[in-house]
Amino acid sequence: MRANYLFTSESVAEGHPDKVCDRISDEIVDLVYREATKTGVNPWSVRIACETLATTNRVVIAGEVRLPPSLMKKDKDGNDVINPSKFKAAARRAIKDIGYEQDGFHWKKARIDVLLHSQSADIAQGVDNAADQQGDEGAGDQGIMFGYACRETPDLMPAPIYYSHKILQLLAAARKKGDGDVAKLGPDAKSQVTVRYVDGKPAEVTSIVLSTQHLDESWDSNKVRAVVEPYIREALGDLKIASDCKWYINPTGKFVIGGPDGDAGLTGRKIIVDTYGGAAPHGGGAFSGKDTTKVDRSAAYAARYLAKNVVAAGLSDRCTIQLSYAIGVAQPLSIYVDLHGTGKGVTEDQVEAAIRKNMDLSPTGIRRHLDLNKPIYAKTSAYGHFGRKAGRDGSFSWERTDLVKALKEAVKIREAA
């Protein structure tokens, strides 16, 4: 493991075109869970895989769903079809909350097409029939998922992605509050932070990149820097900014046209932003728009939960966990742990055994343990799915560290054996 190096991660704001699409897709996931609960439909039966495309004043929502009756209607022939009205309303609310009221992309004026259809019977068979045969739902797809945690920040996240997110979160909050020049920033923005590591620990920031949309066409890069620099410094907190740190604030100059009007957006294109900023492996599956039978989402949450608890328990300073699944098969095919040479008197084998002992990693087990059958996903769609505070509404339950005691005890039992 290298001790001295530079590492960079980027984040994108909620108004980035791809993040607009992630938000709409996750609002629809929440809508389906909410309507199921409201109408007495078992939330365990919810199925949704929703993709969104956004461009100039146009939004297309497509995918497959299994819906509660409240989201259906009868067509002219008396057949049950999807009622688009609530889906369109959810999309418009999301766009408005993000802050788009521009000529090229406006929450009220954009055309929204809803092209959702019923879930594939073949996929449903793979997931549902596994429950009959094995007692648990089968995984909604094959694939590999990774979780990661380290001691670089209070939330046990890598420093570059943690601070890249924080910069944009502070700017978004200030923009929405609406005071002074910062209220003239637009919703679309990207940040990038390069951190110098010394002896394996974050020591200082060597470069800062921020490109942010602004609504005042007279602004240049110098004006934008004057507005945003205080928020950047606040976000970095105690992390030192190097004396020769390079600042690139709106390096191309004017950035007025932004969001889906400036560049088309699509759900699931910011998977490294959503996870660990490139500091850990990624299995390739996106999260937003998917219910939690899809292990792309639920198993990635479980892997982060386990890795964070391993580090929080003091078993290591860094931890990577890989899980793998096959469609229609409930239990993971493999569990892999890497402590990166930082284990505190424990081996990877011991940690793997402790994990198997303390958490059922079938889709059913994950959903139950983390209580995932809830409308809690819209807030995950920007500023990362990890390193966030667990909410009273059940959101970010995978950020809890309530498995620490059990993991410690399991390792001790293993040592004694």
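1. The unreviewed UniProt entry assigns "domain: S-adenosylmethionine synthetase C-terminal" to residues 257-400. UniProt positions follow the numbering used here, feature names are shortened, and annotations may be inferred rather than shown by experiment. In this span 31% is helix and 10% strand, and the end C-alpha atoms are 40 Å apart. Helices (H or I, at least four residues) and strands (E, at least two) are DSSP runs, numbered from the N terminus.

2. The model is predicted: local features need pLDDT of at least 70 and side-chain atom pairs pLDDT 80 or more, while totals for chains, interfaces and linings use all residues. Residues are numbered from 1 along each chain as its sequence is written, and side-chain values use heavy atoms, with hydrogens and water left out.

3. "Domain: S-adenosylmethionine synthetase central", also from an unreviewed UniProt entry, is placed at residues 137-255. Residues 137-255 are 29% helix and 39% strand, with 48 Å between the end C-alpha atoms.

4. Helix α8 (residues 295-312) packs on helix α10 (residues 363-370) at about 60°, the axes being 10 Å apart. Axes are lines fitted to C-alpha atoms, for helices over the stretch in contact, and angles run from 0 to 180 degrees between N-to-C directions. α8 is therefore oblique to α10; under 35 degrees counts as roughly parallel, over 145 as roughly antiparallel, 65 to 115 as roughly perpendicular, and the rest as oblique. Val 295, Ser 298, Ala 299, Tyr 301, Ala 302 and Tyr 305 of α8 make the contact (heavy atoms within 4.5 Å) with Pro 363, Ile 366, His 369 and Leu 370 of α10. By class, the α8 contact with α10 has eight nonpolar, two polar and no charged residues. Ala, Val, Leu, Ile, Met, Phe, Trp, Tyr, Cys and Pro count as nonpolar, Asp, Glu, Lys and Arg as charged, and the others, Gly among them, as polar.

5. Helix α4 (residues 159-177) and helix α5 (residues 221-236) have axes that come within 9 Å and cross at roughly 130°, so α4 and α5 are oblique to each other. Tyr 163, Lys 166, Ile 167, Leu 170, Leu 171 and Ala 174 of α4 meet Val 228, Tyr 231, Ile 232, Glu 234, Ala 235 and Leu 236 of α5. The residues of this contact comprise 10 nonpolar, no polar and two charged.

6. Helix α1 (residues 17-38) and helix α2 (residues 85-98) pack at about 135°, with axes 9 Å apart. That makes α1 oblique to α2. The contact of α1 with α2 has 11 nonpolar, no polar and five charged residues.
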